[in-house]
Amino acid sequence: MTGIRFDGVSVAYGGNTVLDSLDLTVEPGEVMALLGPSGSGKTTALRAVAGFVRPASGRVFIGGRDVTALPPHRRGIGMVVQQYALFPHMRVADNVAFGLKAQKLVAKGEIAGRVAEALEMTGMAAYARRYPRELSGGQQQRVAIARALAIRPGVLLLDEPLSALDAQLRSGMLTELARLHRELPDVSILYVTHDQVEALTLADRIAVMDRARLRDCGTPQELYRRPRTEFTASFVGNANLLPVRVEPGYVSFGGTALAVATESVAVGASATLCVRPHLVGLGDGPNALRGRISEVQWRGSTHRLYVEVDGHAVKADVRELRETPALGDEVTLHFASEDAVLLSAGVGDG
Amino acid sequence: MASPTGPKVSGRPGRAGRLRSSRGLGPQALGARRLPTALWAVPPVLALSLVFLYPLFLVVKQSLTPDGSDGVSFAPYQDVFASAAFRDALWTTVWLAVGATVGCLVLGFVLALVIAFVPFPGGKAVARFIDVFLSFPSFLITLALLFIYGTVGMANGLWTDVTGAHSGPFQFLTTPWGVLLAEITYFTPFVMRPLLAAFSQLDTAQLEVASSLGARPGRIVRRVVLPEALPALAAGGSLVLVMCLNEFGIVLFTGAKGVTTLPMLVYSKAILESDYPAACVVAVVNIAISVGLYGLYRVVSRRVGA
């Protein structure tokens with residue numbers, strides 16, 4: 001079993017730091033998603049593992065071995081990129097056999113069997129004689145995954161592998177990737193994406209990146225339910241981020257006192273209260289917030305209400321309403337104390 | 001009141017009229033275009049015939065009617081084909097052209113690989129210089145080589161200065177190898193240009209994925225880059241082959257003794273010996289080879305998708 005470790009890895013291009021002191025460990029067999037917006041450094045981190053960028057400082061370890069100075073062809077990794085990068089002049093079977101032949105991993109007579117096995121695993125066995133141009137986007141992606149898996153890598157690097165697919169295909173491929181990982185539990189996967197749904201669906205843990213730095217890391221549930229930073233709260237799922245002042249045993253939002261756990265922040269300090277929109281209810285209850293409807297959106301099974309409270313738009317996702325409130329109507333929202341997270345201003349967001 | 005004898009106006013225009021009308025052409029334009037459509041081809045055909053086809057016809061005619069009579073004779077062909085000078089010239093032309101083409105392909109491929117995939121300061125300037133180089137006349141390159149490797153050129157001068165010898169070791173420029181070097185030097189950019197264009201289209205992610213799969217640089221070049229570059233290589237190589245077959249200036253400027261190519265033979269037969277029928281026969285053979293190679297190039301280009 002092979003894991004990955006970033007030990008203070010920094011990458012800079014001409015004085016511009018694109019990855020800043022990354023310390024991160026991907027445990028053997030774990031799926032780690034690097035999640036962040038464009039320019040956050042997530043792809044640079046992946047390319048440092050692959051050997052396509054040389055860190056200005058720090059070390060990269062694969063399976064406990066320092067590979068920082070090792071060329072890409074000696075790292076023994078599988079890689080799938082956004083645009084598939086299949087070799088257009090080779091048939092599907094030759095694409096999949098490429099790594100086996102390059103590394104001389106198996107005897108010539110065994111290559112066909114390994115290719116068939118990889119294609120079978122990705123459901124592409126019937127397309128072995130086709131050229132990439134004769135395949136759809138989803139099929140090409142499956143071939144790219146088969147090509148990466150054929151060499152049986154300890155580490156699989158996936159760089160936005162689904163972003164070139166349409167929404168329906170993406171959903172299907174997510175299920176396929178989850179199945180593949182169940183079938184190959186020994187393979188450690190580093191999955192770069194800017195799509196929170198992909199990260200939440202596939203990853204055992206998510207590393208949230210922003211502006212070249214690691215901002216947060218944890219299981220999807222931890223990051224969603226207990227984010228440590230405002231950036232994580234807003235990037236992983238949707239969130240109401242309300243500016244509050246911490247008082248003894250409660251927080252003050254405008255003129256409203258809200259009963260939430262305040263132990264994490266000093267009394268008198270400014271903080272941000274994070275509440276997920278689907279945990280905000282309509283009507284009277286604990287931590288009531290009165291305001292006026294500024295917008296109503298119908299989203300099929302739910303309604304998204306935007307309620308103006310003390311100059312801030314509070315979002316609430318409620319089950320589809322039989323009678324939708326009109327714009328300007330005064331309504332009351334509420335949320336349970338345990339559903340709110342108090343974030344210290346500036347923690348991890350610097 | 002409309003005159004009963006006035007012109008009949010059709011209620012609906014025909015299909016052609018509707019199509020033309022829809023493109024903004026009125027009836028007047030329709031009338032103006034009806035007559036001269038075929039005539040548009042006349043000026044270019046006339047010009048082409050006058051400046052190219054007719055002289056070409058005269059060359060072929062001269063090669064078949066040595067004494068100016070109306071009867072066709074293949075005697076000049078028999079005489080020329082039987083002469084050792086022609087066979088030597090044909091062989092020299094072919095091996096020089098093939099050798100130069102192979103040299104250009106190898107050198108051009110390596111240089112284009114370096115310029116396209118190995119980042120170095122000034123790489124873009126070098127790529128632009130390739131474009132400028134294509135506009136240079138061939139004799140300029142030969143002249144430059146004469147300054148460097150000529151009998152009294154820089155290389156021999158340096159040698160004699162350092163060693164005190166009477167003459168330098170670089171005496172190859174007036175041999176077929178000198179012509180070969182000059183042709184490779186001059187024509188290599190003609191291979192590089194389409195190669196650089198092809199390399200700019202190559203998805204670099206393919207190279208990275210190949211590398212991650214364990215392929216060393218040599219294998220990536222052979223198995224990924226080269227197959228993608230084949231159409232460009234075929235196009236550049238064919239162009240260089242045809243140009244080398246017809247090259248005259250380089251051979252003349254090197255002053256290579258005993259290096260007689262088909263164009264040089266045409267020159268010596270026509271200008272020095274005034275043997276026009278023989279010159280025309282050699283010219284016809286040269287044209288046939290060039291056209292044949294061009295046809296082959298078209299076939300190959302279509303097959304490899306250039």
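1. Handedness first. A crossing is left-handed if the near helix is turned anticlockwise from the far one by less than a right angle, and right-handed if clockwise. By that convention, α5(B) passes α11(B) in a right-handed crossing. Helices (H or I, at least four residues) and strands (E, at least two) are DSSP runs, numbered from the N terminus.

2. Basis of the note. This is a predicted model, in which local features need pLDDT of at least 70, side-chain atom pairs count only at pLDDT 80 or more, and totals for chains, interfaces and linings use all residues. Residues are numbered from 1 along each chain as its sequence is written, while chains are lettered from A and ligands numbered from 1 in the order in which they are written.

3. α5(B) against α11(B). Helix α5 of chain B covers residues 84-117. Its axis lies 9 Å from that of α11(B), and the packing angle is about 140°. Axes here are lines fitted to C-alpha atoms, for helices over the stretch in contact, and angles run from 0 to 180 degrees between N-to-C directions. Contact means that the C-beta atoms of two residues, placed from the backbone, lie within 7 Å. On the α5(B) side the contact includes B:L96, B:A100, B:C104 and B:G108. On the α11(B) side, B:L233, B:G237 and B:V240 are among the partners. The residues of this contact split into 13 nonpolar, five polar and no charged. For these classes, Ala, Val, Leu, Ile, Met, Phe, Trp, Tyr, Cys and Pro count as nonpolar, Asp, Glu, Lys and Arg as charged, and the others, Gly among them, as polar.

4. α9(B) against α11(B). Helix α9 (residues 176-201) and helix α11 (residues 217-245) of chain B have axes that come within 8 Å and cross at roughly 155°. That makes the two helices roughly antiparallel, a label for angles over 145 degrees. The crossing of α9(B) and α11(B) is right-handed. Among the α9(B) residues in this contact are B:E183, B:F187 and B:F199. α11(B) contributes residues including B:E228, B:P231 and B:M243. The tally for the contact is 17 nonpolar, two polar and two charged.

5. Four-stranded sheet, chain A. The order is β2-β1-β4-β5, the sheet is open and the pairing is antiparallel. Strands pair if DSSP finds at least two bridges between them. β2 (16-26) and β5 (65-66) are the edge strands. β4 (residues 57-62) and β5(A) are joined by two bridges. There, A:F61 has A:D66 as its bridge partner.

6. Five-stranded sheet, chain A. This open, antiparallel sheet runs β15-β19-β16-β17-β18. β15 (281-282) and β18 (312-319) stand at the edges, each with a single partner strand, so one side of each has no neighbour in the sheet. β16 (residues 289-298) and β17 (residues 302-309) run antiparallel and share six bridges. A:E295 sits opposite A:Y306 in β17(A).

7. Domains of chain A. The assignment gives domain 1 (4-230) and domain 2 (238-344). These bounds come from an automatic or database domain assignment. The domain centres, taken over C-alpha atoms, are 39 Å apart. Four residues of domain 1 are in contact with five of domain 2. The domain 1 side holds one nonpolar, one polar and two charged residues.

8. Contact of chains A and B. Each chain supplies 16 residues. The chain A side divides into 11 nonpolar, five polar and no charged residues.

Technical notes: Parallel < 35°, antiparallel > 145°, perpendicular 65-115°, else oblique.
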